[in-house]
Amino acid sequence: MSDKALRLGTRRSKLAMAQSGQVAEAVRRVTGRPVELVEITTYGDTSREHLAQIGGTGVFVTALRDALTRGEVDFAVHSLKDLPTAEPEDLVLAALPVREDPRDVLVARDELKFTDLPRGARIGTGSPRRMAQLNAYARAHGLDIETVPIRGNVDTRIRYVRDGELDAVVLAAAGLHRIGRIEEVTDFLSVDTVLPAPGQGALAIECAAQRADLIAALGELDDPFTRAAVTAERSLLAALEAGCSAPVGALADLLGDGQVVVKEMRLRAVVGTTDGTRMVQLSTTGPVPQTHEGALALGSELAAEMLAQGAAGLMGERAH
């Protein structure tokens, strides 16, 4: 590989720029080459419509992938949870670095925890998945909440709370970590309460399939455990024929013996109606997949069980 600067395609948002900057620094370390950020505006950044109406979080991806295909950038960084499960033939996920905290968090007024919110509390989120699980938890525990659909970047969402329009908003822990605002969290939501989106907390580094030299270099940043876990989660999402904005939560975590020896992988998943009245929640545990195919099978098999229990009818319109 030459000494010419590598061009990293990124969305313009503060969060995207922060995480792309962190990846750029890692790529500089492993390649010895300078990396320049190329800012790209996506339809998801400019549209004010709710994500579910414009095709889900995949709308953040198309412009970046187009720039890759046209050779305007050498590689791109995505939040993995935004990526559609179908990978274009001419592109490849060269690296999935070590995953950040996958949990959802609450930023609430008066430092409140979720279970301390007052009756009728208004909680903002743009995610049907979060709405479904928050409403289901509230229903099961006698809490009275109202989930309110919102859009906007982290600043905008937190401002709804600071200005008193909402009692709380739900965000991803990983994003707040990456922009240095994790201290604003008032409650970390247990994955037993809210399962994250498939791939949440993980970044995807994507480049053109014919760039063998670049794929090899970027592969230095790949974490095999992260790849196995998110492959299982995304396989489940694909088998459910659900898009990125469907009310599907999934998390594959690694179970060890307490001595750092990882023995098994547990995959948990949930599908529910956004009002929380109907949910299908299942899990499976098995040996840590040693191959890509094994991780795919873990997800697709759990999805088949969920479909057998009526999951399809809870997702609204399925992606095809």
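Which residues does Val271 touch, not counting residues up to four places away in sequence? Select Val271 and look around: Leu240, Pro247, Val248, Arg278, Met279, Val280, Met306, Ala311, Leu314 and Met315 are in contact with it (heavy atoms within 4.5 Å). Before moving on, note that this is a predicted model, where local features need pLDDT of at least 70, side-chain atom pairs count only at pLDDT 80 or more, and totals for chains, interfaces and linings use all residues. Numbering starts from 1 along each chain as its sequence is written, and side-chain values use heavy atoms, with hydrogens and water left out.

Now widen the selection to the largest nonpolar core, which has 25 residues. A core here is a set of buried Ala, Val, Leu, Ile, Met, Phe, Trp, Tyr and Cys residues joined through side-chain atoms within 4.5 Å; buried is under 20% relative accessible area with a 1.4 Å probe, protein chains only. Leu236, Leu240, Val248, Val271 and Met306 touch the most other members. Colour H8 (224-239), E11 (248-256), E12 (262-272), E13 (279-287) and H9 (292-308): each supplies at least two core residues, and H8 gives the most, five. (Helices, H or I, have at least four residues and strands, E, at least two, as DSSP runs numbered from the N terminus.) Apart from this core lies another of 17 residues, including Ala26 and Leu203.

Next stop, the open mixed sheet: five strands ordered E7-E6-E8-E5-E9, where pairing takes at least two DSSP bridges. Zoom in on E5 (104-108) and E8 (168-172), antiparallel and joined by five bridges; Val107 stands opposite Val169.

Terms used
Buried means under 20% relative accessible area, exposed over 50%, partly exposed in between (1.4 Å probe, protein chains only).
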